[in-house]
Amino acid sequence: MKMSGAMLAAGTAGCATGLTGSAVAGSSAAVSSGSMANLPKAKGPRLVVVGGGTSGLTIAKYAKKAYPKFDVVLVEKRDMYSSCFSSNMWYAGVIDLEFLADHSFLDAAVNNGYVYFNATVTGLDRAGKTLVTSEGDIKYDFLVIAPGISYDYDKIGVKDAGVQAALRQMYPGGFISPTEHVTLHRKVQEFEGGVFVQTVPSGNYRCLPGPYERAC
């Protein structure tokens, strides 16, 4: 980014992306919302971070700290942040739910000097360096994609859509949304004895220590 910042100052745009083909819907030059996002004009090179999870928040904070002249924009579809970290402590009654859930993206942005933009990403024009969102297009010089995780039950052998829906409803993984933590917390608190089964996916998966932390 230091090299690219110098290139931009000299009038040559640079681009850093961490994009995979499935991360953002659409990547052709024809993709556009038809209007620009309601953001102030960038006063320096614009770094757009897609995703307000742990990695996205960390990148936005420290990129702005390291490159204060950059215009850093965090694009996130949720309006409040909830952490999966420390959720085990809530299950055990060490902390309360408020410690995990409903933290303000806006406060984090104000405290760290970047812009929080509440929108869903719907496409990307790489050639035109334009991110397409539900709230308009955003021009960027640098782009970081930090989309988080999702569940893929097919990969662990659960093919039936009805069974997948039942698993999400009754036995959520507890990696994504606060409501999953609430469901799992209730199951732990209401457990009356017998055999409590916890399964671990085979092969590689995101947050490898997660199931073992849950067990502990």
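**Close-up views of a predicted model**

**View 1. Phe-70 is buried, at 7% relative accessible area.** Buried means under 20% relative accessible area, exposed over 50%, and partly exposed in between, with a 1.4 Å probe and protein chains only. This is a predicted model, in which local features need pLDDT of at least 70, side-chain atom pairs count only at pLDDT 80 or more, and totals for chains, interfaces and linings use all residues. Residues are numbered from 1 along each chain as its sequence is written, and side-chain values use heavy atoms, with hydrogens and water left out.

View 2. Rings of Phe, Tyr and Trp (its six-membered ring) pair if their centres lie within 6.5 Å; planes under 30 degrees apart count as stacked, over 60 as edge-to-face and the rest as tilted. Phe-70 sits in the loop between helix H2 (54-66) and strand S2 (71-76) and Phe-142 in strand S9 (residues 142-145), so the pair ties together parts 72 residues apart in sequence. Helices (H or I, at least four residues) and strands (E, at least two) are DSSP runs, numbered from the N terminus. Phe-142 is buried, at 1% relative accessibility.

**View 3. Phe-105 and Tyr-116 form a stacked aromatic pair.** The ring centres are 5.3 Å apart and the planes 20 degrees. Phe-105 belongs to helix H5 (residues 105-112) and Tyr-116 to strand S5 (residues 115-118), so this pair ties together parts 11 residues apart in sequence. Both Phe-105 and Tyr-116 are buried.

**View 4. Tyr-67, Phe-70 and Phe-142 form a cluster.** Ring pairs link these residues.
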